[in-house]
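The following exercises ask the student to read a protein structure step by step. Each task is followed by a worked solution.

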Amino acid sequence: MRDDDGGRRDEVDELAAAWRRDGLGEDVIAMLEVSKRASRIGALVQQALRGELAALGLTYAEFEVLTVLNRAGEPYRLRPSELTRSAFLTSGGTSNVLQRLQKAGYIEREANAGDARSRFVQLTPEGLRVTALALDASGRAHREAMAGVPAEAVRDAADALRDILLVIGKRRFR
């Protein structure tokens, strides 16, 4: 999209124009633009990734759990509560995902010798293999989704979003 003076515009610019008509301040409009664009980019990348993951028989949540376990390093094992935090899932969502991954043979649950009330979740060799395939698929999907975006623009956006997240990421909202 282009505006009347030839500048580049996206669908969020249309929203910003409406917000201005509604009398919102420029500071709030800029904040809304950041959150809308970040959400839109996330949705587009997830859309590209969903097809790649489906070919592997995985959902996005399952992919997240597998990659969190993979990032933990050998022995690729965490407590369910650690998975929930790191994968940004709810405890109920994590439980459902773990059941599906266990049924597929990608994880196993084992007792925690140090605490009889908790269990560990660990990647199986097959889970490691599928995780590697899924990570490759993620790379392809991200490259496809971001094709045509200059690498410097991606780096600048990543740095700017980090700056914002460092400020608001620790806050707890009701």
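A residue is called buried when its relative accessible area is under 20%, exposed when this is over 50%, and partly exposed in between. The structure shown is a predicted model.

**Exercise 1. Classify Asp13, Arg37 and Glu33 as buried or partly exposed.**

Solution. 
- Step 1. Asp13 has a relative accessibility of 17%, so Asp13 counts as buried.
- Step 2. For Arg37 the value is 24%, and this residue therefore counts as partly exposed.
- Step 3. Glu33, at 15% relative accessibility, counts as buried.

**Exercise 2. Determine which salt bridges Arg37 forms with Asp13 and Glu33, and how each pair is placed in sequence.**

Solution. 
- Step 1. As a general principle, side chains of opposite charge can pair when their charged atoms come close.
- Step 2. Arg37 forms a salt bridge with Asp13, with 3.0 Å between the closest N and O atoms. Asp13 belongs to helix α1 (residues 11-21) and Arg37 to helix α2, so this pair ties together parts that are 24 residues apart in sequence.
- Step 3. Arg37 also forms a salt bridge with Glu33, where the closest N and O atoms are 2.9 Å apart. These two residues are 4 residues apart in helix α2, and are therefore separated by about one helical turn.
- Step 4. Asp10, Asp13, Glu33 and Arg37 are linked in a network of salt bridges. The count of salt bridges in the model comes to 13.

**Exercise 3. State which strands the salt bridge between Glu110 and Arg77 ties together, and classify both residues by accessibility.**

Solution. 
- Step 1. The side chains of Arg77 and Glu110 meet in a salt bridge, at 2.9 Å from N to O.
- Step 2. Arg77 lies in strand β1 (residues 77-78) and Glu110 in strand β2 (residues 107-111), so parts that are 33 residues apart in sequence are tied together.
- Step 3. Glu110 has 25% relative accessibility and counts as partly exposed. Arg77, at 32%, counts as partly exposed.

**Exercise 4. Identify the buried residues of helix α4 and explain why they lie on the same side of the helix.**

Solution. 
- Step 1. The buried residues in α4 are Leu83, Thr84 and Ala87.
- Step 2. Their directions cover an arc of only 100° around the axis, which puts them on the same side of α4.
- Step 3. The general rule is that an α-helix has 3.6 residues a turn, so residues three or four places apart point the same way.
- Step 4. The buried residues of α4 pack against α3, β1, α5 and β3.

**Exercise 5. Describe the surroundings of Leu83 and the largest nonpolar core.**

Solution. 
- Step 1. Leu83 is buried, with a relative accessible area of 0%.
- Step 2. Leaving aside neighbours within four places in sequence, the contacts of Leu83 include Val65, Leu69, Leu98 and Val121. Leu83 and Val121 are 38 residues apart in sequence, yet their C-alpha atoms are 8.7 Å apart in space.
- Step 3. The largest nonpolar core has 23 residues, and among those with the most contacts inside it are Leu83, Leu101 and Ile107. Elements that give two or more residues to this core include α2 (26-55), α4 (80-87) and β3 (119-123). Helix α3 gives the most, with 5 residues.
- Step 4. Beyond neighbours within four places in sequence, Ile107 is in contact with residues including Leu66, Leu101 and Val121.

Conventions: Residues are numbered from 1 along each chain as its sequence is written. This is a predicted model: local features need pLDDT of at least 70, side-chain atom pairs count only at pLDDT 80 or more; totals for chains, interfaces and linings use all residues. Side-chain values use heavy atoms; hydrogens and water are left out. A nonpolar core is a set of buried Ala, Val, Leu, Ile, Met, Phe, Trp, Tyr and Cys residues joined through side-chain atoms within 4.5 Å. Buried means under 20% relative accessible area, exposed over 50%, partly exposed in between (1.4 Å probe, protein chains only). Contact means heavy atoms within 4.5 Å. A salt bridge is a side-chain nitrogen of Lys or Arg within 4 Å of a carboxyl oxygen of Asp or Glu. The arc is that of the directions from the helix axis to the C-beta atoms.
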